[in-house]
Amino acid sequence: MSTASVSGTHDIRARAEAALTRCGVEIAAFKGDALTARTPVNGADLFRLRADAPADVDRAIDAADTAFRTWRTTPAPVRGALVKRLGELLAEHRQDIADLVTVEAGKIRSEALGEVQEMIDVCDFAVGLSRQLYGRTMPSERPGHRLMETWHPLGVVGVITAFNFPVAVWAWNTAVALVCGDTVVWKPSELTPLTALACAALLDRAIAETGAPAHLNQVVLGTAEIGERLVDAPGVPLISATGSTRMGRAVGPRVAARFGRTLLELGGNNAAVVAPSADLDLTVNATVFAAAGTAGQRCTTLRRLIVHEDVADTVVDRLTSAYGRLPVGDPFQETTLVGPLVNESSHARMRACLDRAAADGGTLVIGGERQLAEAAPDAYYVRPAMIRMPAQTDVVREETFAPVLYVLTYRDLDEAIRLHNDVPQGLSSGIFTSDQREAERFLAADGADCGIVNVNIGTSGAEIGGAFGGEKETGGGRESGSDSWRAYMRRATNTVNYSGQVALAQGVDFAP
């Protein structure tokens, strides 16, 4: 089912402007003719904005570097106080930021609010981290010597984010980078400039209120040219980039050529295995959200369901029933579960992939058709699609950033794992089973080859306490929790000689 209408342009623009004002952004100050702030809710253009020039990127990097010179020697717990205040402001403006996420990315209300909660949670995590940037002390082979490692701030971190998580990914990087003593230059997606301006304004307020140095976080608006300028800048030792594998193929070598570091979060072609012993109620509920949530526009979206042949028909029937009941429509309406695709190009890619799957022998079970075309001709709402495939063809092995779920079958777990791993991407994975041996096999070294491996949980919805990221063409980066903070710091190995004697390592004798 779908809603009959969508929000009008006047209402959306007014909602966005009010949220920006409450966050401290005067949108008129950013007026220009280079960028368009558009909403996928009804396809309307909301504001025309200026874009930064390459020279502006250079100035932003210089300002962030100047701030870094002071920030790097500020005690880490004091740095944590700034992030604590940012978290408090995000909590105060949770509804405002969520409004902007829905306006620009088209997320339903609960998902938009959930994204802002991720920001608040990672701030809490980073505040605790500010007192836990631990090094090691190792035993020295030389008497009267102490061997240890220490961690130091890296410098200016360039953060490039995608439209589908317009604020959470910035927060993952920025909260951790700030407590590590780094500064940030943020290039948001050109599809979501408003959310970036609002978040930057809140961080600037936190900086002013805590007495931290100005310019710790700089935002640069623009298209790919601006991102390229940031990527190529020698004064930016780390580039954290979230986006497509194609983007990562361009960013990685360019940063490596100048001996910089990258933290890449790229494509995902995530799969879940459904074993014969699976709890099907749990499986169906988890699968529907993982495959259809965010209109399939998550890097962790479930795109392949690998089902044992004994339960495949039952699983498909139950998913078909659930898909048919999904409310598709205006994400501002509380009953909606599936909002719009971000733009026409996304819809075209979805249609092309459905055509290719059919040419490969796939059978469309449900979905794929456009919704609300009369009510919102410039917006792109679709019914999530499910296709039974006879084999894992090329189209199945590619990431289509839309709600398309391919269903494959298997006979034994080894075959399921081979199917699961036979894609270039390696982000998120899952198995639904009540058999402990199957679960352990899936988690083992010769099991799923992803950075995130789940049991009886879908592929979407990672918590900030664990490191987030993947392998293979997903890029190998890790953000957010666990020891991901190390990516934002440089390690030094230190030896202190308190013996009063010169003792060379490995027993070398070099007495003049």
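The model is predicted, so to speak of a local feature a pLDDT of at least 70 is needed, while side-chain atom pairs count only at pLDDT 80 or more and totals for chains, interfaces and linings use all residues. Residues are numbered from 1 along each chain as its sequence is written, and side-chain values use heavy atoms, with hydrogens and water left out.

Four aromatic pairs are found in the structure; rings of Phe, Tyr and Trp (its six-membered ring) count as a pair if their centres lie within 6.5 Å, and the pair is called stacked with planes under 30 degrees apart, edge-to-face over 60 and tilted for the rest. One of the pairs joins Trp170 and Trp186, which are stacked at 4.7 Å centre to centre with 15 degrees between the planes. This pair links distant parts of the chain, since Trp170 belongs to helix 6 (residues 168–180) and Trp186 to strand 6 (residues 183–187), 16 residues apart. Helices (H or I, at least four residues) and strands (E, at least two) are DSSP runs, numbered from the N terminus. Trp170 is buried, with a relative accessible area of 0%, and Trp186 is buried with a value of 0%; buried means under 20% relative accessible area, exposed over 50% and partly exposed in between (1.4 Å probe, protein chains only).

Helix 6 also holds Trp172, whose partner Phe468 lies in strand 20 (residues 467–468), 296 residues apart. The ring centres of Trp172 and Phe468 are 5.0 Å apart and their planes are at 55 degrees, so this pair is tilted. Both residues, Trp172 and Phe468, are buried.

Charges meet rings as well. The charged end of Lys107 sits over the ring of Phe165, 3.4 Å from its centre, and that of Arg15 sits over the ring of Phe332, at 4.1 Å. Here NZ of Lys or CZ of Arg must be within 6 Å of the ring centre and within 35 degrees of the ring normal.

Turning to the sheet, five strands form an open sheet in the order 7-6-5-8-9 with parallel pairing; two strands pair if DSSP finds at least two bridges between them. Strand 7 (217–219) and strand 9 (261–265) are the edge strands, each pairing on one side only. Strand 8 (residues 238–242) pairs with strand 9 in the parallel sense over five bridges, and Leu238 stands opposite Arg261 in strand 9.
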